[in-house]
Amino acid sequence: MAGPRRRTVRDLRRNNRATVLSKLYFDGPLSRQELGPLTALSSGSISNVVAELVADGLVEEAGSVDSDGGRPRTLLRVAPGSGHVVGVDVGETRVRVELFDLSLSELARVDAPLPLAAPDGTYDAHEIVRLIAGGLTEVLAGTGVTPASLIGVGIGVPGIVDASGASGAVVHGQTIGWEAVPLEAMLRAPGELPPQIPLFVDNGAKTLGRAEMWFGAGRGARNAVITLIGSGVGACVIADGVPYQGSSSSAGEWGHTVLQVGGRLCRCGSRGCLEAYVGAEALLERWREAGGSWTAQDEEGALAELLAAPDTGQLLDETAEFLGAGIADLVNLFNPERIVVGGWAGLLLGPRLIEPVRRAAASYALRHPFAQTTVELGRLGADAVTVGAATLPLARFLETGGAERERIVSGASWMG
Ligand SMILES: [Zn+2]
C-alpha cells in the first residue's frame, strides 16, 4: 500500500506551473487576466506561478494590450531562448539533426547522407550513432549553444521502439535489418552524446504524427491518424488525444497490413503489405516493371520523374486505389475524425492523388464512419519528422512545468 502523500503542496505547485506553461506555449501570448479562466486557477495562484516562471527565465513579457478603461495588460509568453531542443530524423537516405529554440524555430541543421545500405538492406547502427553524435556537436558548435541549455534530444527512427527496458530505447527495425538494436545505450556510450542530455527515441511516423497534431493538419482533433508515406509507410494513431501505442509500442505499423494475400514481396519479408504497393521504393519498382526508367540518383527525384512522365496514369490510379483501400481500413478500425497524408512521398504525390484516394477510400470504407472523417494532406512538409522528434523533450518540459531545465540549471531535481 502506498504511504501517506507528503508531496501534495509540491505536486500542486508543479501542476500549476505545468498548466500555465502549457497554456502560454500553445495559446500565448496571454495576459494574467486571460490565464485565469483558461486555467481555472485563482488570480493569486496565477500571480505566484507567473512570478516564479519569470524568475526562472522561462516566461517573459511580450508587449501589452489595452483593457477597457483600466491599466494596459501585460502579455506573457514562453521565452523562446530559455532552452533548446534537438530533433533527429534517422531517415532512409540521411540522418538530419536540427537545433531549435523553445518556439521550435530552427537555429541550425546538419544533413549527413547515409552510406549505401548493405546489399541485404541492413543499416550499420554504429555508423548512425556516429552521425547523430557528430551532427549534434556540429549544430551546437555552429550556434554557440551549450549542452547545458539543451532540454533534450528527440530521435525519430524507422522501426518499432521499445523503451520499456532498463537500458533505454531498443529499436526493432525489420525493414533495415535492426533486430533489437540498443540505440539509446549505444548513444550513451562514452565518447558519443554528452551524458547529461535527456534522450527520447520514437518511431519516425509517430514523431511526424506529433508534429502534425501540435502544429499542422491534426491540430484540434482528438481522434486522428497521421500517415507517413516515404520510401516505406507508417502511421501514428491518435486515440482520444494521445498516440495509441499497443502493448509494446508497435501499434500503427499500417504499412505492413496486408492488402493482397500472396501479393508483392515486402521489405519486411511478408507479402502483399500496403508498403509493397504505395511506398516510394515499391512504386518505383512497379514503374520499372512496367517499362519505366529515370535518371535521378535519389528516390525523390525519381518519383518526381514518374509524376511528370506521360504514360504513368494507370500506375498512379492503381496506387490511389491501394492507398484509398488502406485508408478505408483505418476508417473502419479507428473511426478517426481526420486522416492526414504526410511524409515526403505522400506530399509529392498528394496533389495528383488526393482526390482519387478520397474516392477509393469512400468506396471501400463503411459509409457512416467515412462520413465523419476528412482526408487531408499534411501541412508541415517533409521536415516534420525532426520537428516532431523535438516535441518529445519539449512535451516532457511542459508536463513537468519546466522542471527539466531547472534540473539542468541547478544540477538538482526541481522536485528537491
Ligand atoms: Zn511488410
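Me: Where do the domain bounds in this predicted model come from?
Reply: The model is predicted. Its domain bounds come from an automatic or database domain assignment.

Me: Which residues make up domain 2 of the protein chain?
Reply: The assignment gives domain 1 as 8-78 and domain 3 as 217-379. Domain 2 is written as two stretches: 83-206 + 384-409.

Me: How far apart do the C-alpha centres of domain 1 and domain 3 lie?
Reply: Domain 1 spans 8-78, and domain 3 spans 217-379. Their C-alpha centres lie apart by 42 Å.

Me: Which residues does a cis peptide bond join?
Reply: Most peptide bonds are trans. Here omega is about 0 degrees, and the bond is cis. Its proline lies in the loop between helix H1 (8-27) and strand E1 (30-31). The joined residues are glycine 28 and proline 29.

Me: Is leucine 104 buried, partly exposed or exposed?
Reply: Leucine 104 sits in the loop between strand E5 (94-101) and strand E6 (106-113). Its phi is positive, near 65 degrees. A residue needs 20 or more neighbours to be buried, and 12 or fewer to be exposed. Leucine 104 has 18 C-beta neighbours inside 10 Å, so it counts as partly exposed.

Me: What is phi of aspartate 240, and is this residue buried or exposed?
Reply: Aspartate 240 lies in the loop between strand E13 (233-239) and strand E14 (242-243). Most residues other than glycine have a negative phi. For aspartate 240 the value is positive, near 50 degrees. With 7 C-beta neighbours inside 10 Å, aspartate 240 counts as exposed.

Technical notes. Residues numbered from 1 in each chain as written. Predicted model: local features only at pLDDT ≥ 70, side-chain atom pairs only at ≥ 80, totals over all residues. Helix = DSSP H or I, 4+ residues; strand = E, 2+ residues; numbered from the N terminus.
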